[in-house]
Amino acid sequence: MAAYILRRLLQAIVVVWGAATLVFAILHLSPGDPAVNLVGENATEEQFELVRESLGLNLPLHERYVRYLGELLSGDLGISWFVGQPTLDMLAERLPDTIELTLVAAIVCIPLAILLGVLSAVWPRTLVDYSSNFVALIGVSTPNFWLGVMLILLFAVELRWLPSMGRGPFITVALGAMLEGNFEPLKQWASHIILPAITLGTFMMALVTRLTRTDIMENMRQPYVKVARAKGMSKGGVIFHHVLPNSLISVVTFIGLEVGTLLGGAIVTETIFAWPGMGRLMVESILRRDYPVIQGGVLLISFIFVFVNLIVDLIYLWLDPRIRLK
Amino acid sequence: MTDETVKVGIPTTMAARIGREIRSNLMAQLAFALVAMFAIMVVFGPWIAPHDPEAFALMERMKPPAFLEGGSWSYLLGTDTHGRDVLSRIIYGARISIGTASAGVAIAVVIGVTLGLIAGFLGGIWDTVIMRMVDVLLSIPLILMALLVVSILGPTIPNIILVLGGTGWIWHARIVRGNALRLREEQFVLAARSSGTTRFRIMLRHILPNLLAPILVTASMQVGYMVILESGLSFFGITGSTLSWGWDIAFGRQYLASAWWIATFPGMAIFLAVMAFNLMGDVLRDVADPHGRAAMT
């Protein structure tokens with residue numbers, strides 16, 4: 001088992017290194033000189049060389065790569081070319097907003113998805129099943145950027161119930177005020193986060209609904225269900241005590257694998273709703289070719305993805321003896 | 001089994017089974033009707049569009065859709081702030097959005113099937129390297145990768161196709177690898193190997209034909225996904241053409257309060273297109289693999 005954990009850890013490191021190399025290659029092998037972008041077209045040759053030298057762009061490619069990896073190993077993500085702040089600080093400042101939004105989206109959407117999936121698996125080929133399939137089909141087919149715009153049109157422009165952009169106080173602040181009896185910050189928080197969370201969570205909800213339904217239906221055909229039914233357990237009891245815990249394992253794996261989709265969705269959602277998270281920082285940095293921030297951000301996102309999945313795998317090891325014994 | 005039972009059973013050819021599905025299943029009818037509608041828009045767009053999608057008509061600015069007060073039947077879905085016909089832009093946009101997505105999927109299929117077969121059938125170091133490449137691409141959100149590559153290489157349609165294909169192949173590689181691993185142990189492959197067939201020939205003549213159905217299913221669903229991705233890029237302004245559904249949504253977003261139809265209808269077009277390709281994928285899957293044997297995801 002220790003060997004297994006070690007192997008998975010090594011794999012995770014290889015993947016993160018691969019992502020770091022890939023983004024380096026995309027940025028540094030592409031035609032065009034990023035220094036031009038920085039100093040402008042009308043700069044003198046001297047200014048231009050000065051910038052290239054100070055950013056290390058005058059070095060040959062392999063030296064730049066070795067230097068980049070060396071800095072990464074020492075935890076240095078470089079300094080933003082445009083803002084002048086360390087990349088790590090910029091990312092650390094924005095990351096909590098993205099995590100907050102992503103978690104709220106997951107908490108709103110995943111329980112609903114599991115409920116819909118269970119209902120349609122319990123009553124297949126009924127009105128319940130068709131409606132839940134239909135909701136899931138709408139969910140996977142709706143592009144999140146359009147959903148965001150439509151929600152703004154309905155709730156902010158037409159009904160004027162909710163703000164169309166920005167964020168309220170941070171959740172911890174809102175909860176703190178609530179404990180002191182002041183509910184205003186919590187209301188502010190909720191009114192700002194609800195539309196982005198729905199925009200971000202809908203696609204995921206649809207995918208999880210479909211997966212839960214298929215997985216439960218598959219599990220219902222297993223011999224252990226027949227045994228439980230034969231000894232007199234009710235259908236509902238079998239589902240909640242035997243089938244659902246088994247299916248939740250696949251659902252959790254799936255959600256782990258879809259963390260990338262959620263973070264990708266956050267990039268779009270944050271841009272539409274002016275949510276001050278990491279996704280928006282990435283878009284801004286890509287548009288102004290801020291190489292250190294792009295590299296650091298992609299690396300961080302890849303790291304989050306890889307380690308969430310590593311943790312999911314390790315939790316199984318602990319939960320599921322079949323995997324542990326293999 | 002007698003001849004008679006074969007006759008009353010499920011039709012044997014794929015085309016016949018699809019035909020049966022279309023005759024009997026409402027979802028299949030909807031899927032193929034929608035796909036046919038978009039195919040017509042892609043192929044015959046210039047002939048069926050009522051107006052020039054890029055022509056400014058200053059007298060016709062911000063006309064609401066025909067069914068609202070002030071609308072006219074000449075502009076069924078209204079006009080935008082420059083007097084351009086929303087419907088005509090949607091019809092022309094189908095070419096860019098669905099065309100780009102389909103081309104990207106075609107590239108993804110070629111790369112993914114090749115690498116998936118190599119990984120699944122040759123195994124060993126090939127498998128390790130290819131699957132780690134898949135893991136790396138899986139760990140970076142597609143939209144981020146696409147935004148990065150297209151904005152660095154330049155926003156042109158060939159570059160968008162390139163990045164869609166260059167990242168989308170991991171879907172096919174994983175499915176092909178999984179199925180190739182399963183098929184590798186089958187009797188007919190062992191028989192071919194023991195009769196001296198080369199590994200290359202086995203992959204091409206014995207394994208690949210068995211994979212056509214799952215590849216087709218995945219490709220169909222991926223077209224829908226790629227339409228969203230292409231529109232997403234256009235929405236961010238990173239587009240090879242301003243005649244794209246995503247670009248129209250980004251443009252119309254500024255006029256939500258005064259002319260909601262500019263952003264709403266192109267989004268519905270994306271929604272219907274994605275739904276059509278998803279439903280078609282579902283139908284193909286049911287037809288190709290009614291018992292759910294092959295690994296499709």
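Local features are taken where pLDDT is at least 70 and side-chain atom pairs count only at pLDDT 80 or more, while totals for chains, interfaces and linings use all residues. Residues are numbered from 1 along each chain as its sequence is written, and chains are lettered from A and ligands numbered from 1 in the order in which they are written.

**View 1. Chain A is helical, with 15 helices and zero strands.** Helices (H or I, at least four residues) and strands (E, at least two) are DSSP runs, numbered from the N terminus. The C-alpha trace of chain A spans about 85 × 55 × 40 Å along its principal axes. Of its 326 residues, 35% count as buried; that label needs 20 or more other C-beta atoms within 10 Å of a residue's own, with 12 or fewer making it exposed, anything in between partly exposed, and C-beta atoms placed from the backbone. Take the contacts in chain A with a separation of 6 or more: residues 24 or more positions apart account for 71% of them. A contact here is a pair of residues whose C-beta atoms, placed from the backbone, lie within 7 Å.

**View 2. Chain B has eleven helices and zero strands.** Its C-alpha trace spans about 75 × 55 × 30 Å along the principal axes, and 48% of its 297 residues count as buried. For contacts in chain B between residues at least 6 apart in sequence, 72% join residues at least 24 apart. Mean pLDDT (the predictor's confidence in each residue, from 0 to 100) comes to 84 for chain B, with 92% of residues at 70 or more. Watch residues 1-7 of chain B, though: pLDDT stays under 50 there, and the model has one contact beyond four places in sequence for that stretch. Where pLDDT is low, the predicted coordinates should not be read in detail.

**View 3. Here is where chain A touches chain B, with 36 residues of chain A in contact with 35 of chain B.** On the chain A side, α1 (2-29), α6 (127-141), α7 (144-158), α12 (259-273), α13 and α14 each supply at least two residues. By class, that side has 28 nonpolar, eight polar and no charged residues. Ala, Val, Leu, Ile, Met, Phe, Trp, Tyr, Cys and Pro count as nonpolar, Asp, Glu, Lys and Arg as charged, and the others, Gly among them, as polar. For the complex, the predictor gives an ipTM of 0.88 and a pTM of 0.87.

**View 4. Zoom in on the largest nonpolar core, which has 160 residues.** Such a core is a set of buried Ala, Val, Leu, Ile, Met, Phe, Trp, Tyr and Cys residues joined through C-beta atoms within 7 Å. Among the residues with the most contacts inside it are Ala19(A), Leu144(B) and Leu147(B). Helix α4 of chain B (residues 86-122) gives the most to this core, with 17 residues. Leaving aside neighbours within four places in sequence, Leu147(B) is in contact with Val283(A) and Ile286(A), and also with Leu233(B), Phe236(B) and Ile238(B).

**View 5. Helix α13 of chain A is largely enclosed by the rest of the structure, because eight of its ten residues are buried.** The buried set includes Gly279(A), Arg280(A) and Val283(A). Its buried residues pack against α5 (87-122), α12 and α14 of chain A, together with α6 (142-153) of chain B.

**View 6. α13(A) (residues 278-287) meets α14(A) (residues 291-319), their axes coming within 9 Å and crossing at roughly 140 degrees.** Axes are lines fitted to C-alpha atoms, for helices over the stretch in contact, and angles run from 0 to 180 degrees between N-to-C directions. The crossing is left-handed, so the near helix is turned anticlockwise from the far one by less than a right angle (clockwise would be right-handed). Met278(A), Leu281(A), Met282(A), Ser285(A) and Ile286(A) of α13(A) meet Val293(A), Ile294(A) and Gly297(A) of α14(A). Those contact residues divide into six nonpolar, two polar and no charged.

View 7. Ala274(A) is partly exposed, with 13 other C-beta atoms within 10 Å. Arg289(A) counts as partly exposed, with 19 C-beta neighbours inside 10 Å.

Terms used:
Contact = placed C-beta atoms within 7 Å.
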